[in-house]
Structures are given as C-alpha cells and as structure tokens.
Amino acid sequence: MSSRGEDVFPGGIDPRVLPDMTLREQSAHRVAATVTAVFAVAGMVWVLLTDVLVYAVSNSRVLIARIENDKGWIFISLASLLLYAVTFRGAARLDRVRRLTAAVIRSIGDGVLLLGHDRKVAYANPAALKMLECSASELIGMDVGAFAKRFRVSYPNGALVPPERYVSQRAFDEGGPLRYKAILYPNDGTELVMISTAAGVRMHVGEPAMWVVSVMHDITDSDRLDRIRDHFFASAAHSLKTPVAIVKADVQALLPTASPRQQKVAASIDRQCDRIDRLVQNLLVLARARSRTLQFHQREIALRPLVERIAGEGVWSYRHDVRLDVTGSPSLHADEERLGLAIRNLMYEATRLSAADSPLTLLARPEGDRVAVGVRYQPIPWADQISHVYGEYDDIGIGRSVAATIVEGHGGSISEDYDEAQTTSWIRLPAETGVHA
Amino acid sequence: MSRTNDVLIVDDDPDMIEVIELVLHDAGYATRGALNGRQALDAVAAAMPALIVLDMLMPVMDGWQFAREFHARYGPHTPIVVATAAEHVDTRGGEIGAADVLPKPFEVSDLLRVVARHVQTPRPLDA
C-alpha cells in the first residue's frame, strides 16, 4: 500500500485487469450459481418480509391487493436493475479482457499468426504483416500451400521446407511448442531469417488442437552479423596460413647452414608454426561449423599411411618417444584432411598432458564394423587441472571440440580409456567400406 | 622450348616465391617467379618450364583461370603442383587436373620431394 492508501502493483499493472490464464472452467458456474442463489434468497426474503409487514398494518383486501401489485412492480424494477448491473459488469469485463488481449498481441514485436481448425491463417498481428510484407486481406484465409508458394520457406542450408513440415502445421498433430530456424522470401530480393515457434491451443489436455499459435522471431540482422563474423573469421584464418607458411619455409631453409644452437631455435620456431597452423585449421573448422558450412570431402582412405605420416611428424617426437601400433590395414570412408586434424588435436592434447620423454603411442585397428584410432599417453599427475587452469577455449579445449565435431560429423565418437598408468583417447568411426585385416 | 630443370613458381606473395626459389635453387633447380596467372602465361610463352608450382587465390588471373588457359594453349603435358592455403587441397588440385598438391604451410622436405617427383635431374649445386 502506498502512503495515500492506493494499491501498488508490480510494474503498475493491476492483475485484476488481466485475463485469468488458468483455464478454470468451473469459475463461470460458480459465479452464476452464486448470483442466482443471492437473487433467489433476496427475492424470497423480500416476499416474506413485505407480506408479513403488509398483513400486519392492514386488513383491507383492496389496499393489500394494491400494495401486492406495487410490490410486484418494485420487484421487477429492482430485478431489472440487478440484471442490468450483473450483465453490464460481465460484458464490460469480457470486453476489457478482449481489448487488452488484442492490444497485447498487436503490440508484440514478433510476428504472431493464429491458424484456425481448418489450418488457414485466421489472424495476423501487425508485426507479422510487416515481416511478411503483405496486407491482412492477403494473409487471412491463406492455406499452407498458398503460404509456401508466396513465401518460399527454406531451411538455413537452402533446402525448401515441405509445407507439411512447417511447425505451424506439425503443431496441429504434435502439439508443441515446436521450433526451427527458417528463411522466408516475402518479396524478390528480400530475405527474412527467423526462428519460428508454434504450439497447438487446446482447452483440455489430450484434445486435438483447436488452433495453432505461430510466433515468428526475426533474426535477420543478428544472423547477417553472425555470417559476416564467421566469414571474417574464416578469411582471417586463411590469410594467417600464408605468413605461417613463409616463416616455416624460411626457417627450414636456414637449417642446412645453421649452427647447432641456431638449429635448436629454428626447430622451435618450426614447431610453433605447426601449432599456429593447427590452431588456424581448428578455428576454420569452428567457423564453418558455426555457420553450418562445414563440409566433409569423404572418400575411401587407408588409415595406415595417414597415422604413419602423423606419427612421423617432428612436432611430437622432439619431446616424446612416439610409437606406432597399427593392426591390419583398416580403411574407412572419411575426409582425410579433417580426420588428420582430429587425430593431430588428440596427439597435441596428449603431449600437453603427459611428461617429456614419456611414450606416446598412436594406435589404429579394426573393431568389428568400426575403425578405432587411439592416442595413448602417460598423464602427468596434474593433467586434470589443465583444463581448469586454461579454460575450455585454450588450444587443448578448442582442439578437443573440433575433434568431436569432425568425428561426430563422420558418424563416430570420441571416448577415453583409463588405467593406473595411462590414458587412451579413442576415435571410433564406422568402417562403411569394410575393414581389411 | 622446355627447360629440363626450370620450375615456375606462381604466387601472389613475393616472399613465398622468394623462399621457394631459395630452397629449389639450393637443391639445384632453375626457378622463375610470377605474381599472378597472367604473368605466368607470359613466362610460359617465353620458355616452357618443367614444372609449375601454382597458388590458387591470386589477383588479375587466379589459379583456376590460369590452368584452364594453360591447358587450352599447351595441353596437359607440363605438370602443375597446386600449393595453396585453402582447405581441401586435394579437391582444389582435382579441379584443375593438378599432378600433385602441396598444402600450405608445407615442410621443405615435402616441397623437394614433390618437385623431384616431376623434375628428374637437378643441375649440380653452384659453388
């Protein structure tokens, strides 16, 4: 309560003006029964008391008849006034709720479409009309086929969304809320990127949806910013590779005439070039994955030459005893460049989490209908603290995330095996084209 | 006229050309550089190299345009090695019918191995 005795409500909104959202259908019966009961009791009391009073003050039949007549008129007048007051109050409340609801929906910044039981658009708020660049008369009554023809709804990858897969149609059968990201083309040259959510309206649980409410949230600007950022990210990462390539080649060109000390420094620069290159490749994959443009150029590859090449890279062997353990000649259907990056990421992780001069084993073997690639190492005692200290966005965390993205993109998985002395990170991939033991 | 040890390096980055020339020259190869596909076509017109090391993204004339024009004029006999920082270097190489690919950054040993695969007889090192 305020100092002047006025009610204070959160946000200044009196909850009594808001529609009751609880769907309590018995409330109408209760109100009607209460009013009727009050009216009946009041009427009976009126008749009883006035009759007692009349017969107490007069014995004249004529006078009593006139008073009874007047009583009837008074009763009709009071009942009419009461009926008016009750009806007015109810109608005014309904009208207030209706106008309030309409005003709220009109003021929603997101586009709101209401679909009737015939699955046609029954209502569109001003934001929806503005987003779809059409008039209410064009949109109201439009069925899903006409909507699809007019607005060409597509997934972010460009594939058209079949009309029966629109969330506004699925919500009739599946309930919801359902959600997806889609692109609409209201007019030639206009692209509208949106998150569309739809839910069926049911008065009782389990009943078929009477209507569907579909909300369109315009994310065109933020999506464009995302794409610009991802494009910038990818371009910047690509541009970084050229100077890294030059530095690496320059350093290696110096080696033949370098002193032992210079060779040691040059080797360190060379390794850091490899590290930057791997980080750049990881950032490229992350950018592609974020913008949903990550592609896998899969073909049948033999695993042995790939793991032999990776195990032979000097970036691992300068401080670890690198070993190779390949069983059979496993082959698989994969993007060799991406898979190589995933394996190198796990190798790098293993070098960071294990002691210098400890063994580092790269394994490859067929496992039934799968192919397994493992990196086995002896973890340092504080290995589990590394990610806590450096966070998930250091090069180990990014590398692990990218490895998972690549492996899962191939239909595989990453897991860990532990025993007392060693840890093995496993990449398991389906061997679609068979395993040759 | 083809020069047996002549490697033409086509790259829009002069530093990249310089370091590849340095490495190949030390290994006994003759080298020339071109900053784009147009310059490379002029260099080829002057003398046919034994091998072309080709970057793909370049101004004036990119690697795809150069390869198309080069093959149209001279046929497929001179090998091209694609050296690019782009992803999926194998695909890039396949697009232009390259004899080999060299993803950037590369190991100098890989560069020498790839070049040696296509240019058989390096001249003796200068003193």
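Reader: In what order do the strands of the open sheet in chain B stand, and is the pairing parallel or antiparallel?

Author: The model is a predicted one. In chain B, 5 strands make up an open sheet with the order β2-β1-β3-β4-β5, and their pairing is parallel. β2 (30–34) and β5 (100–103) of chain B are the edge strands; each has a single partner strand, so one side of each lacks a neighbour in the sheet. On average, neighbouring strands of this sheet are turned by 20° against each other, direction ignored.

Reader: How many bridges join strand β1 of chain B to β2(B), and what packs on the sheet there?

Author: Between β1 (residues 6–10) of chain B and β2(B) there are 5 bridges, in the parallel sense. Leu8(B), for example, has Arg32(B) in β2(B) as its bridge partner. Helix α1 (residues 14–26) of chain B packs on the sheet and touches β1 and β2 of chain B. The direction of α1 makes about 175° with that of β2(B).

Reader: Which residues meet where α1(B) and α5(B) are in contact?

Author: From α1(B) come Ile20(B), Val23(B) and Leu24(B); they meet Val108(B), Leu111(B), Leu112(B) and Val115(B) of α5(B).

Reader: Let us turn to the antiparallel case. Which strands of chain A pair with β12(A) in this sense?

Author: Strand β10 (residues 370–377) of chain A runs antiparallel to β12(A) and is joined to it by 8 bridges. Within that pair, Arg370(A) stands opposite Pro430(A). Strand β11 (residues 413–418) of chain A also pairs with β12(A) in the antiparallel sense, over 6 bridges, and there Ser415(A) is opposite Trp426(A).

Reader: How many residues of strand β12 of chain A are buried?

Author: For side chains in a regular strand, the general idea is that they alternate between the two faces of the sheet. In this case, strand β12 (residues 423–430) of chain A is mostly covered, with 7 of its 8 residues buried. For chain A overall, buried residues account for 35% of the 437 residues. Chain A has 13 helices and 12 strands.

Reader: Where does Glu87(B) lie, and is it buried or exposed?

Author: Glu87(B) belongs to the loop between β4 (80–84) and α4 (89–96) of chain B. Its relative accessibility is 11%, so Glu87(B) counts as buried, the limit being under 20%. The side chain of Glu87(B) makes a polar contact of 2.5 Å with that of Arg288(A), and another of 2.8 Å with that of Arg338(A). Beyond its neighbours within four places in sequence, the contacts of Glu87(B) include Leu284(A), Glu337(A) and Arg92(B).

Reader: Which peptide bond of chain B is cis?

Author: The bond from Lys104(B) to Pro105(B) is cis, with omega near -5°. Pro105(B) is part of the loop between β5 and α5 of chain B.

Reader: Finally, how far apart are Asp218(A) and Asp110(A) in sequence and in space?

Author: They are 108 residues apart in sequence and 6.9 Å apart in space, C-alpha to C-alpha. Asp218(A) lies in strand β5 (residues 211–218) of chain A, and Asp110(A) is among its contacts. The side chain of Asp218(A) also makes a polar contact of 2.6 Å with the side chain of Thr220(A).

Key. Residues numbered from 1 in each chain as written. Chains lettered and ligands numbered in written order. Predicted model: local features only at pLDDT ≥ 70, side-chain atom pairs only at ≥ 80, totals over all residues. Heavy atoms only, no water. Pairing = 2+ DSSP bridges. Helix = DSSP H or I, 4+ residues; strand = E, 2+ residues; numbered from the N terminus. Axes fitted to C-alpha atoms, helices over the stretch in contact; angles between N-to-C directions. Contact = heavy atoms within 4.5 Å. Polar contact = N/O pair within 3.5 Å; in protein donor to acceptor, adjacent residues only side chain to side chain. Buried < 20%, exposed > 50% of the residue type's maximum accessible area, 1.4 Å probe, protein only.
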